[in-house]
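Open the model in your viewer and keep the selection tool at hand. We will go from side chain to side chain, then to a core and a helix pair.

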Number of protein chains: 2
Amino acid sequence: MNGRKPMKLEDELKQKTFGSPYRRMVVNVMFTGNWLQKAFSCQLKQYGLSLQQNNVLGILRGQYPNPATLGLIQERMLDRDSNATRLVDKLLEKGLVTRCQCADNRRKVDIVITEKGLELLKQTDTIMQNLEEKYSQITPEEAVQIGELMDKLREREG
Amino acid sequence: MNGRKPMKLEDELKQKTFGSPYRRMVVNVMFTGNWLQKAFSCQLKQYGLSLQQNNVLGILRGQYPNPATLGLIQERMLDRDSNATRLVDKLLEKGLVTRCQCADNRRKVDIVITEKGLELLKQTDTIMQNLEEKYSQITPEEAVQIGELMDKLREREG
DNA sequence: AAACATAAGTTGTATATACAACTATATGGG
DNA sequence: CCCATATAGTTGTATATACAACTTATGTTT
């Protein structure tokens, strides 16, 4: 009725079965996470940004007009192992952020998004939103539910 | 009651809100996918295998005792952009696979998992399974549901 | 205040990823 | 049969990731 092509995990990975529902779930979340990241980073490329760089700009906007330290950025990044120093280097080269030693604590560096950075983010917001609209086969209720299930999946022993 | 520590996405990324349910869903699936991959690859490291290498071994076991070509491996990998040639190189160095030119079609290469490879997989199966059991706060029904929702999320225009 | 420990970033390096260019083989007309 | 085209892998390279070692600055003891 709506022209969507269902692509089950079994079809994607050309595998007949995945043993247990848990195995299938785990593989499916990994696969779908990668699939989403590629869709987004592919769109971002036209603006010369990687997914992580866009992520950092978003964090900086959240602090604006206050500065953020590298530590703050790192703990909020989607992928914490990315090297925040070098990501910020790249953004600095492009004039999207400023960086200077923090006056109070000279170990820290204050990073602030520039006007140019804010402008660029406005543009990438649009493509993010366009991409999100492509998932409209998922109802808002299901979107909420997926979010809740992901949170539950990450719960761990206290 | 069961000592689990809930870690909502908002806590993980120290963000108050995610705009829309769709945005939260997308970010959460990406984040959770990465989170899972790290948990698995961290465990695999003790066997000197990366997640992708383990993935390739699994694919080869699926074909065993028949050979697989690089093309077949590539289309079944979780991350298709990984360079199958070089992944197989690594497995070859470790004696986990054999590789030889296909007799019928000399463009192709036949790759077969070795006994050593099969043995190693048995061990990594165990750790995979142990990890999966850690997600028992998710009921089997919910695991099925997550799988279905991931499939639905990836549906696209025909 | 000197010595030790901790914190915040930076740098180095090995490996992995993304993507394009290249080589070798096979296939299908004319 | 020869040439164009397609197929199957390989290689090169720029960027990114993972992780450890290293600076420099701050805090804490005694």
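Predicted model: local features only at pLDDT ≥ 70, side-chain atom pairs only at ≥ 80, totals over all residues.

A:Glu119 is partly exposed, at 41% relative accessible area.

One network, joined through shared partners, links A:Glu10, A:Glu12, A:Arg24, B:Arg80, B:Asp151 and B:Arg154.

Next, pick A:Arg23 and B:Glu132. Their closest N and O atoms lie 2.4 Å apart, in a salt bridge. The pair crosses between chains, from helix 2 of chain A to helix 6 of chain B. A:Arg23 is partly exposed at 25%, while B:Glu132 is buried at 7%.

Move to B:Glu12 and A:Arg80, a salt bridge of 3.9 Å, N to O. This pair also runs between chains, from helix 1 of chain B to the loop between helix 4 and helix 5 of chain A. B:Glu12 is buried at 5%; A:Arg80 is partly exposed at 30%.

Which residues touch the most other members of the largest nonpolar core? Select A:Met25, A:Phe40, A:Tyr135, B:Met25 and B:Phe40, out of 50 residues. Helices 2, 6 and 7 of chain A and of chain B each supply at least two core residues.

Last, display helix 3 and helix 6 of chain B. They pack at about 115°, with axes 10 Å apart. The crossing is left-handed. Among the residues that meet there are B:Leu57 and B:Arg61 from helix 3, and B:Leu121 and B:Asp125 from helix 6.

Note on methods. Residues numbered from 1 in each chain as written. Chains lettered and ligands numbered in written order. Heavy atoms only, no water. Axes fitted to C-alpha atoms, helices over the stretch in contact; angles between N-to-C directions. Helix = DSSP H or I, 4+ residues; strand = E, 2+ residues; numbered from the N terminus. Left-handed = near helix turned anticlockwise from the far one by under 90°. Contact = heavy atoms within 4.5 Å. Core = buried A, V, L, I, M, F, W, Y, C linked by side-chain atoms within 4.5 Å. Buried < 20%, exposed > 50% of the residue type's maximum accessible area, 1.4 Å probe, protein only. Salt bridge = Lys/Arg side-chain N within 4 Å of Asp/Glu carboxyl O.
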